[in-house]
Amino acid sequence: MVTPRLENYLRTYRKRSGLTQQEVGYLLGRETGALVSRYEKRRRLPPLETALAYEEIFGVPIGELFAGRRQAVGRDIQKRRVALRAGLQAKTPKATDVRMAAHKLRWLADRERPLVANQNAPTA
Amino acid sequence: MLALDVHPQSFGFVVFEGPNQILDWGVRSFRTGVNAVKIPAATRFLALLDEFRPSAVVIGERLARKTAKQAKMLATIRRQARYRGIPVRCISRGDVNRAFVGFESNKYEVASALAQQFPDLAVRLPPRRKCWQSEDYRMGIFDAAALGVAYFVRREKRLPTTSVEDSARAQ
């Protein structure tokens, strides 16, 4: 069973760095730390550019910074992957598409394993 | 797991993710008077519960010298944790000393050991206090961390921890 993790670890990594919310806000190109607070409290989800900026600031991969969100996305993808594979298996491909269908099924089967990194970390 | 060190006008807290990783730490004040903090202690505690959704809340067992404010705060902790289905566990000073064998001579020794174990806390370690000085407010963080470590040590050894109800009955 996958241990649930916090949606994001922005506060943890900021506190480890010793930076204030205002200082992180400045690094993100903001006037204040208000938005940083909202991201840390999970009241807002940062846009992709901000998430990449966080990765750059803390030197931690996005998947680790947003571990909980990453887990949730991984679970959804896994469900849809299984459904897609079942759908492809149920469909009889045309003679010209047999090789491509087999390739897709093999590719999907290869990826039917948990994708989330550090998923065994204990919970809070 | 959320470890709390409750004082009459503040509480120190440390949020653990397993025995070797801390997620958040700090001191929340609810002092009164000229520089009164407007946000009530309960609100600050609830913010921690909602943000981290801990699997347990660990508090110190203070049988003696419990002030009315501390009692009120502990009652809030117990009520809100129960409402969210989070168990509240009490750790005695003896449990902390047993978890820090060799460092149990005073709180500063324990805090120094914690600063080594968790380098993130090292910058918050106050200087050793002189006998005429009052305790630095940052010691609340280290006291809470010590409770957390003692809780994990007891859990690792499969020793039972006292629930807050048992602790209240003992008083």
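## Strand E2 of chain B

A residue counts as buried when its relative accessible area is under 20%. In this predicted model, strand E2 of chain B (residues 10-16) has 7 of its 7 residues buried, so the strand is largely enclosed by the rest of the structure.

In a regular strand, side chains alternate between the two faces of the sheet. From E2(B), B:Ser10, B:Gly12, B:Val14 and B:Phe16 point one way, while B:Phe11, B:Phe13 and B:Val15 point the other way; all are buried.

## Pairing with the neighbouring strands

E2(B) runs antiparallel to strand E1 of chain B (residues 2-6), to which 5 bridges join it. A hairpin through 3 residues connects E1(B) to E2(B). Antiparallel pairing also links E2(B) to strand E3 of chain B (residues 22-29), here with 7 bridges. The hairpin of E2(B) and E3(B) has 5 residues between the strands, and within it B:Gly18 takes a positive phi near 80°.

## The interface with chain A

Across the interface of chain A and chain B, 5 salt bridges are found, as are 8 residue pairs in polar contact. Helix H1 of chain A (residues 10-17) gives the most to the side of chain A that touches chain B, with 4 residues. That side divides into 4 nonpolar, 2 polar and 7 charged residues.

In total, 13 residues of chain A are in contact with 18 residues of chain B. The two chains bury about 1300 Å² between them, 44% of it on carbon and sulfur atoms.

Note on methods: Residues are numbered from 1 along each chain as its sequence is written. Chains are lettered from A and ligands numbered from 1 in the order in which they are written. This is a predicted model: local features need pLDDT of at least 70, side-chain atom pairs count only at pLDDT 80 or more; totals for chains, interfaces and linings use all residues. Side-chain values use heavy atoms; hydrogens and water are left out. Contact means heavy atoms within 4.5 Å. Buried area is the accessible area (1.4 Å probe) that two parts lose on being put together, summed over both. A salt bridge is a side-chain nitrogen of Lys or Arg within 4 Å of a carboxyl oxygen of Asp or Glu. A polar contact is a pair of N or O atoms within 3.5 Å; within protein, one must be able to donate a hydrogen and the other to accept it, and residues adjacent in sequence count only if both atoms are side-chain atoms. Helices (H or I, at least four residues) and strands (E, at least two) are DSSP runs, numbered from the N terminus. Ala, Val, Leu, Ile, Met, Phe, Trp, Tyr, Cys and Pro count as nonpolar, Asp, Glu, Lys and Arg as charged, and the others, Gly among them, as polar. Buried means under 20% relative accessible area, exposed over 50%, partly exposed in between (1.4 Å probe, protein chains only). Two strands pair if DSSP finds at least two bridges between them.
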